[in-house]
Amino acid sequence: MIRSTNLLFIVTAIALSGCSQSPPKQWYKAGSTQQDFNMDMGQCKAQAFSISNPTLFQIAVVQNQCMFGKGWN
């Protein structure tokens with residue numbers, strides 16, 4: 001038999017797990033192709049990972065700023 005506190009914990013954990021997942025960013029640039037995106041994203045990832053001892057947050061910020069700088073929204 002499941003205790004009510006255990007059941008509450010399980011239900012809360014399941015509910016919160018659905019909230020923590022958001023869809024990935026969809027980049028858009030008028031007139032661009034998939035090849036354009038792949039090239040720009042590759043360059044931006046290389047730039048982001050060139051930072052010494054980066055955190056995941058720093059990588060994301062540098063990569064996003066690079067993509068915005070290349071005209072992607």
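This is a predicted model: local features need pLDDT of at least 70, side-chain atom pairs count only at pLDDT 80 or more; totals for chains, interfaces and linings use all residues.
Which residues of helix 3 are buried? They are Ile59, Val62, Gln63, Cys66 and Met67. If you look down the axis of helix 3, these buried residues fall within an arc of 130°, so they line one face of the helix. There's a handy bit of background here: an α-helix has 3.6 residues a turn, so residues three or four places apart point the same way. Now turn to the face of helix 3 that points away from the buried side, and you'll find the exposed residues Phe57, Gln65 and Gly69.

How many residues does helix 3 have? It has 14, and from its first C-alpha to its last it reaches 20 Å, close to the 20 Å expected at 1.5 Å a residue. Just after helix 3 comes Gly71, whose phi is positive, at about 95°.

Next, the bond. A disulfide is a covalent bond between the sulfur atoms of two cysteines. The count for this model comes to 1 disulfide, and it joins Cys44 to Cys66, with 2.1 Å from S to S. The pair links distant parts of the chain, as Cys44 sits in helix 2 and Cys66 in helix 3, 22 residues apart. The angle about the S-S bond is -75°, and the link of Cys44 and Cys66 is left-handed.

Are these two cysteines buried or exposed? Cys44 counts as buried because its relative accessibility is 0%. Cys66 has a relative accessible area of 10%, so it is buried too; the cut-off for that label is under 20%.

Between helix 2 (34-49) and helix 3 (56-69) runs a loop, and Asn53 lies in it. The phi of Asn53 is near 50°, a positive value in a residue other than glycine. Asn53 has a relative accessible area of 71%, so it is exposed.

Finally, step back and take in the whole protein. It has 3 helices and 0 strands, and from the N terminus on its elements run α-α-α. Of its 73 residues, 15% are buried. Take the contacts between residues at least 6 apart in sequence: 60% of them join residues at least 24 apart. As for the surface, the protein exposes about 6000 Å², and carbon and sulfur atoms supply 61% of that.

Key:
Residues are numbered from 1 along each chain as its sequence is written. Side-chain values use heavy atoms; hydrogens and water are left out. Helices (H or I, at least four residues) and strands (E, at least two) are DSSP runs, numbered from the N terminus. Buried means under 20% relative accessible area, exposed over 50%, partly exposed in between (1.4 Å probe, protein chains only). A disulfide is a pair of cysteine sulfur atoms within 2.5 Å. The expected span of a helix is 1.5 Å times one less than its number of residues. The arc is that of the directions from the helix axis to the C-beta atoms. Contact means heavy atoms within 4.5 Å. Accessible areas come from the Shrake-Rupley method with a 1.4 Å probe; for residues, only the protein chains shown count as cover.
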